[in-house]
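Please take a moment with the sequence and the structure shown here before reading on.

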Amino acid sequence: MPKRKERVDRGINVRSGGVFALCSWREMLYLAGPRLLPVFICLFLPLVLDAYWQKVLLSVAVFALLAISWDILAQTGMISLGQALFFGMGAYVTGILNHYWGMPPVLTIPLAAVCGGLICTTLLLPVLRLRGIYFSMVTLILPLMLVRLVEATRIFGGTEGLSGMTPLPSKWLEQYMIVGALLAALFGFRRMLSSDYGLVLKGIRDNDRSVLSAGINIYWYKTQALLIASTVGAFAGAFLTHVYMFVGMPVFALDYSILPIAAAVVGGPGSLAGATLGAFILVPLSEVLRGAGGLRIVFYGMFLVIFIVALPEGIFHFLQRKYHQFERWVEVD
Amino acid sequence: MATAPLLEVKALHKNFGGVQAIRDLNFQLAPGELLGIIGPNGSGKTTAVNLITGFVKPSSGKVLFKGRDITGQPAYRIVRLGIARTFQMVKPFYQLPAYKNMIIPLYSPRVKKLIGGKYGDRDAVALDLLEEVGFERDARVAYKAASALPQGYLKRLELAKAIALQPDLVILDELFSGLSLAEVASILPIIEKLRVEGKTIIMIEHRLKELFRIADRVIVLNFGQKIAGGRAADVMESAAVKNAYLGSEER
C-alpha cells in the first residue's frame, strides 16, 4: 500500500493562532516559549561561560547581527556579498572618531552605526537599480576596493591600522551590550518584516513591477532597507573595534561577507531567527574545529555541505515546522 | 469632443534597437469612455500600455493625462496621478493569502492621500475589495493562499489590486486571456459596474466578442501602427483590419 506523509497543524497551534482563543497557561507558554527561550539563553550564557568562550559569544553575536543585516537585504531582493563593507565602515568611523578626536565609545558607537550606515547607503545608491547578480558583484567589490584604497593612500594608519582605541569599561557591559543589541535587532526587525511595511519590502523581492504599479517608489523603499541593514552592520563593526581596541584593513576581510551568508543559509533565510541560529551554530563550530589544525576548513566545509543537503530549508524552518505541525503516514487509496 | 480628454496620446514612437515597436500612435480618451485596443500578437499593444504607464520610456511623442504632460515620468508617479494597470501575466505573491496581496496597493501613497490619512485596518478594506470582484466571502476564498487559487481568481485579484488604487483610468492588459467563457462572463459585470461608477477604461483584448459588447471605441494596432479606429462595428468592416487581424486569427 503506498503511503504519503501528511502534515497536520497541531491543535494548540491552531487554537493559539487567534488572540481570543488563549485560555490556558499551556497555550500562552506554547506561544511565548520559542520567543523566551533565546532571550533566556542570551542573558544566561555570559554568566556561565569562561573568558575564552565569552569572546566567542561576542563573535557569535556580531556575526548574527551581520547575518540579520544580510537577511533584511535579501528579503528586499538585494543579495549582498559585501557585509564586510558595512562592518568595516562602522569600524573605521568609530576608529577615526576615537583616535583623532578622542570621543568616548558611548558617542562613537552610535555615531559610527548611523554615519557608517549613511556612508554605505550613499556608496550603494547608484547601483540600487541593478538587480540580482549585478548588485551582488558591486557589493563584493566595494570592500576589497576600500582595503586597497587604505593601503595605497596610507590614510588612517595605512597597513598598520589604528590601535589603542578606548576599550569598553567592563567585560559585562561588552557582553550584555552586544547580546541586548542582538535581541533587539532580532525581535524588532522580525516585527517590522511581518508588518505591512515588511510586506512591501518582500513584495519588491518577489515582483517589483507589481509594487511599482501600486504607486510605490521601490527605490526609496530599497534605500530604507539598505540604510537599516548597513546601520546594523556598522554597529557590529563599531562595537568589535572597541573590544579589540584596533581597527585596520582586516575589517574589510571576506570573512565578514561570507560567514553571515553561510549562517543565514544554514539557519534558514527569510526569518532573521534562522540567521541568528545559524551564527550560533557556525561560529562555535569553527572554534571547536580549531583542534583539527590544518584540516579545520575541510571539516568546516563538510559540515556546511551536510547542513545544506540535509536541511535545504534551513534549521530554523525545520524546527518551526516540527513545533507547529505533527506528521503521520496515511495510506493512499 | 465636448469635454476635455482624460488621456491624450500624441505621435508616440518607440524603438527597441532597430525594431519599431510603436509608430506614430495617436488617440484621445474622453472621461468615462471604454476603449478597446486590439491587434495580432506582437503588434505593440502591451508596449503601448507600458509607454502610457511609464514602465517604458517613449523614443518620442507625448502622453497627456488630465492635460498634464506625463511623458517619461516614473511609473510610480503616474500611478499616483490616477492611472492603474493590470498585467497580462499575473504574478501574485503566491505564498500569501489572497487578501494579503491587496496590502501593497492599499499601502500606496495615492490611497493614503485620497482617504486623508492611513487606513485603519487594511485587511478589512482588502476583504471588502475582494468581495467586490467576486471573492465569495462565505467560502473564505480570500483567505486561501494565492498559489491555491485558479486562474480566474488570480485575474480577479489583479483587477482588485488596480481598483484598490481608486484610479481615474484603468488599463486592463488581456484580463480575459486564459479564462474560460464562464469565467469571462462572470468578470464582465464587474467591468460594467466600473463604468457605471464613471471610471475610464482601456482594455487590451484578444476576446473580440466580449470586448465589442462593452467597448465604445476600438483601435487596431498592427506592427506598432494604428491601422483603424472607431466604433466596433465600423472597425470590423475595415478591409485592412480583416486582412491584418481577423484573416489570420479567425476564431
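How are α7(A) and α8(A) oriented to each other, roughly parallel or roughly perpendicular? In this predicted model, helix α7 of chain A covers residues 171-194 and helix α8 of chain A covers residues 196-206, and the two pack at an angle of about 75° with their axes 4 Å apart. An angle from 65 to 115 degrees counts as roughly perpendicular, and α7(A) and α8(A) are therefore roughly perpendicular to each other. The residues that meet are M192(A), L193(A) and S194(A) on the side of α7(A), and Y197(A), G198(A) and L201(A) on the side of α8(A). Sorted by class, this contact of α7(A) with α8(A) holds four nonpolar and two polar residues, and no charged residues.

Turning to chain B as a whole, its secondary structure comprises 11 helices and 10 strands. The radius of gyration of chain B is 18 Å, close to the 18 Å that the globule rule gives for 251 residues, so chain B is as compact as a globular protein of that length. Taken along the principal axes, the box that the C-alpha atoms of chain B fill is roughly 50 × 40 × 40 Å. Of the 251 residues in chain B, 45% are buried, and among the contacts in chain B with a separation of 6 or more, 68% are between residues 24 or more positions apart.

How is chain B divided into domains? Domain 1 of chain B is made of two stretches, 1-82 and 170-251, while domain 2 of chain B takes in 94-166. The C-alpha centres of these two domains of chain B lie 25 Å apart, and where the domains touch, 10 residues of domain 1 of chain B are in contact with 11 residues of domain 2 of chain B. On the side of domain 1 of chain B that touches domain 2 of chain B, the elements that give two or more residues are α2 and α8 (181-196) of chain B. Of these, α8(B) gives the most, with four residues. By class, that side of domain 1 of chain B has six nonpolar, two polar and two charged residues.

The next step is the contact between the chains, to which chain B brings 17 residues and chain A brings 14 residues. On the side of chain B that touches chain A, two or more residues come from each of α2 (75-81), α4 (103-106) and α5 (109-115) of chain B, and the largest share, four residues, comes from α2(B). By class, the side of chain B that touches chain A has 10 nonpolar, one polar and six charged residues.

A48(B) is found in helix α1 of chain B, which covers residues 45-53. With 29 other C-beta atoms within 10 Å, and 20 or more being the cut-off for a buried residue, A48(B) is buried. Leaving aside residues up to four places away in sequence, A48(B) touches I22(B), L25(B) and I37(B). One of these, I22(B), is 26 residues from A48(B) along the chain, and their C-alpha atoms are separated by 7.0 Å. In chain A, I141(A) has its place in helix α6, residues 132-153, and is partly exposed, with 13 other C-beta atoms within 10 Å. The C-alpha atoms of I141(A) and A91(A), which are 50 residues apart along the chain, are separated by 18 Å.

Most residues other than glycine have a negative phi. Phi of L272(A), however, is near 65°, a positive value in a residue other than glycine, and A11(B), also not a glycine, has a positive phi of about 45°. Where do these residues lie, and are they buried or exposed? L272(A) is found in the loop between α11 (255-267) and α12 (273-288) of chain A, and is buried, with 29 other C-beta atoms within 10 Å. A11(B) lies in strand β1 of chain B, residues 7-16, and is exposed, with 12 other C-beta atoms within 10 Å.

Definitions and conventions
Residues numbered from 1 in each chain as written. Chains lettered and ligands numbered in written order. Predicted model: local features only at pLDDT ≥ 70, side-chain atom pairs only at ≥ 80, totals over all residues. Axes fitted to C-alpha atoms, helices over the stretch in contact; angles between N-to-C directions. Parallel < 35°, antiparallel > 145°, perpendicular 65-115°, else oblique. Contact = placed C-beta atoms within 7 Å. Nonpolar A, V, L, I, M, F, W, Y, C, P; charged D, E, K, R; others polar. Rg over C-alpha atoms; globule rule 2.2 N^0.38 Å. Domains from an automatic or database assignment.
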